[in-house]
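Ready for a few backbone and pocket exercises? Have a look at the model below, then work through the tasks with the solutions at hand.

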Amino acid sequence: MFVFKAAVLGAGTMGGEIAQVIASADVPVVIKDVKQELVDAGLEKAREVTQGQLAGLVGKEKITQGQADARLEEILGLIAGTTEYEGFGDADFVVEAVPEKMEVKQAVFAELDEITPGHAILASNTSALSISEIGSATTRPDKVVGFHFFWPASVMRLIEVVEGDDTSEETAQAAANFAMQIRKNPVRCADQPGFVVNRVLMSAAAEIWHHQEESGQSPEEIDKEILEAKVTPMGPFFLADMSGLDVTLHVASHMRESYGDRFYVHPMMEELVAAGKLGQKTGEGYYRHGGEN
Ligand SMILES: NC(=O)c1ccc[n+]([C@@H]2O[C@H](COP(=O)([O-])OP(=O)(O)OC[C@H]3O[C@@H](n4cnc5c(N)ncnc54)[C@H](O)[C@@H]3O)[C@@H](O)[C@H]2O)c1
């Protein structure tokens, strides 16, 4: 199946950039959130990211400023925003990126099932929830699949294509093809806690979180040391703030529940989330980001 038009549900940390990635591959896309200001924030994110990418190409003298300006308008012209399901009626592929809560996912998948054409693939960007359970809210569980981007979606090349119990081979293959159509590298994996990447990432993070507890060093100090060692492009505590501490905590807790003590949840992260300090999106987490908080 070729995707002529896509849709994205949720314009938060992930949604805006996912729409940008899709439009940059010249596929028209519509993005929905519950309030106009949230849709606008997602569209603004798409503009910022596209401008940054094009400025990079101008800087390397690969394109002229005039070409960059024209391409910016072309890409942004492919993205429509809505607070209703306007434009979802002829979408071939939907990426859902709403909050990581099963009841929310199931409610929106039931709506998507109603509103989209029968052939459309309904994909979830869930980090840790069961694709089989999400798919059970629809009349087409064979067309429900995980499509897990990584933050920041405009930069990270990998997408985990997660196959639930009922996902058909055709759907999994079409999702992998769509990942390549939008210039990403798909890795197909089973519907198991953490899929592939979070099993690796969360076990490494667990060691760092233990180290923070045992040493009493601040998250900033540890990030600085890791950055100086040039092992990752950003420190793990900063990355968690950027991804959203609520999302990271949910994944870490899910891994501990699923696999036991070999995974760990950072107590400081639990305290921050309980205090509503979710990282960059609320202005404060391990760091202060100069936002509303
Ligand atoms: N943040 C990350 O680093 C990251 C990485 C990979 C995957 N994910 C996954 O992506 C999903 C979204 O995460 P996020 O960090 O973007 O969350 P977020 O909280 O930043 O954004 C979610 C958005 O969905 C919107 N929303 C809620 N109900 C909706 C509805 N019925 N229709 C349309 N929009 C609705 C919210 O208003 C919000 O803007 C989660 O499943 C998460 O696990 C997150």
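**Exercise 1.** Keep in mind that this is a predicted model. Is Asp26 buried, partly exposed or exposed?

*Solution.* Start with the relative accessible area of Asp26, which is 43%. Buried needs a value under 20% and exposed one over 50%, so Asp26 comes out as partly exposed. Finally, check the backbone: phi of Asp26 is near 65°, a positive value in a non-glycine residue.

**Exercise 2.** Now take Phe195: is this residue buried or exposed?

*Solution.* Relative accessibility of Phe195 is 5%. The cut-off for buried is under 20%, so Phe195 counts as buried. Its loop runs between strand E8 (185–190) and helix H7 (197–215). Phi is positive here too, about 50° for Phe195, which is not a glycine. For context, most residues other than glycine have a negative phi.

**Exercise 3.** Which residues does the cis peptide bond join?

*Solution.* Look for an omega of about -5°: the bond joins Trp151 and Pro152. Then locate Pro152, in the loop between strand E6 (144–148) and strand E7 (158–163).

**Exercise 4.** Describe the second largest pocket: what is its volume, and which residues lie nearest its centre?

*Solution.* The volume is about 370 Å³. Of the 16 lining residues, Gln20, Ser24, Gln53, Ser154 and Arg183 lie nearest the centre. Helix H1 (15–24), helix H2 (36–59) and helix H3 (65–77) each give two or more residues to the lining. Sorted by type, the lining has seven nonpolar, five polar and four charged residues.

Notes. Residues numbered from 1 in each chain as written. Predicted model: local features only at pLDDT ≥ 70, side-chain atom pairs only at ≥ 80, totals over all residues. Heavy atoms only, no water. 1 Å grid on protein atoms, 1.4 Å probe; cavity = no way out; pocket = protein on both sides within 12 Å on 5 of 7 lines; lining within 4 Å. Points joined across faces, edges and corners; volume = space filled by probe spheres on them. Helix = DSSP H or I, 4+ residues; strand = E, 2+ residues; numbered from the N terminus. Nonpolar A, V, L, I, M, F, W, Y, C, P; charged D, E, K, R; others polar. Buried < 20%, exposed > 50% of the residue type's maximum accessible area, 1.4 Å probe, protein only.
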